[in-house]
Amino acid sequence: MRFFRTAGLALAIAILFIMGSCTGNNEPSAKQKTVTDPLPSWDTGATKKAITEYVKAVTTPGDAKFVEEDERIATFDNDGTCWNEKPMYIHAAAIVARFKEVMEKDPALVQKEPYRSVKNKDLGYFAKLYEQNDVLDLVGALMGVPFEGMTPEEFTAWNTNFLSTWKHPKYKVGYKGLIYQPMVELI
């Protein structure tokens, strides 16, 4: 069980790394830095105006709505807001891809869980696991299994390779091509 918790934690850290890259490689170019519009991909309208006016008010000392910098907190839902989550979360697609790789190497695994349910797309099995286990057990049971036995270096290499080769089934672009530019600008 300790391995599953450790593997689950490692995967959770990898997922956070992946999610963090939503804005990680979006350093503005010299051309972008000279643009006065902070939300260039947004349609001109009431929403864009309200956002820019609000940000100006809360960041302008002396304004009645001014908020000190260390008191400013913004919360954004990452998946579906910063990057595409359909037909499934990208990190879930990575886990499924790894399950498939492991099953190709050892076809006998499809006779046992959770491999059988992954192969058969048996969502009932996973729903039952969710109902019967705490989150850490679920993470270990689902996410840790296909990565079992990997060293941290192998795990990192696998994730790096997956991110550099994976393509969205519908849009045929990699992970970095699936960010929602308006949300990146907002953040």
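## Before you start

This is a predicted model, in which local features need pLDDT of at least 70 and side-chain atom pairs count only at pLDDT 80 or more, while totals for chains, interfaces and linings use all residues. Residues are numbered from 1 along each chain as its sequence is written, and side-chain values use heavy atoms, with hydrogens and water left out.

## The overall fold

The protein chain has nine helices and zero strands. Helices (H or I, at least four residues) and strands (E, at least two) are DSSP runs, numbered from the N terminus. Of the 187 residues, 32% count as buried; buried means under 20% relative accessible area, exposed over 50%, and partly exposed in between (1.4 Å probe, protein chains only).

A contact means heavy atoms within 4.5 Å. Among contacts with a separation of 6 or more, 61% are between residues 24 or more positions apart.

Helix α4 has 16 residues and reaches 23 Å from its first C-alpha to its last, close to the 22 Å expected at 1.5 Å a residue. The expected span is 1.5 Å times one less than the number of residues. Buried residues in α4 include Ile-90, Ile-95, Phe-99, Val-102 and Met-103. An α-helix has 3.6 residues a turn, so residues three or four places apart point the same way.

A nonpolar core is a set of buried Ala, Val, Leu, Ile, Met, Phe, Trp, Tyr and Cys residues joined through side-chain atoms within 4.5 Å. The largest one holds 22 residues, and those touching the most other members are Ile-90, Phe-99, Met-103, Tyr-115, Phe-162 and Trp-166. Helices α4, α5 and α8 each supply at least two residues of this core, and the largest share, seven residues, comes from α4. Leaving aside residues up to four places away in sequence, Met-103 touches Leu-109, Val-110, Tyr-115, Val-118 and Lys-119.

## Aromatic pairs

How many aromatic pairs does a search of the whole structure find? There are five. Rings of Phe, Tyr and Trp (its six-membered ring) pair if their centres lie within 6.5 Å; planes under 30 degrees apart count as stacked, over 60 as edge-to-face and the rest as tilted. Phe-99 and Tyr-115 form an edge-to-face pair, 5.1 Å centre to centre with 75 degrees between the planes. Phe-99 lies in α4 and Tyr-115 in α5, so this pair ties together parts 16 residues apart in sequence. Phe-99 is buried at 3% relative accessible area, and Tyr-115 is buried at 5%.

The rings of Phe-147 and Phe-155 have centres 5.1 Å apart and planes at 80 degrees, so they too form an edge-to-face pair.

## A buried histidine

Is His-168 buried or exposed? His-168 is buried, with a relative accessible area of 3%, and is found in the loop between α8 (152-165) and α9 (181-186).

A polar contact is a pair of N or O atoms within 3.5 Å; within protein, one must be able to donate a hydrogen and the other to accept it, and residues adjacent in sequence count only if both atoms are side-chain atoms. The side chains of His-168 and Asn-84 are joined by a polar contact of 3.3 Å. A polar atom of the His-168 side chain also lies 2.6 Å from the backbone oxygen of Lys-86.
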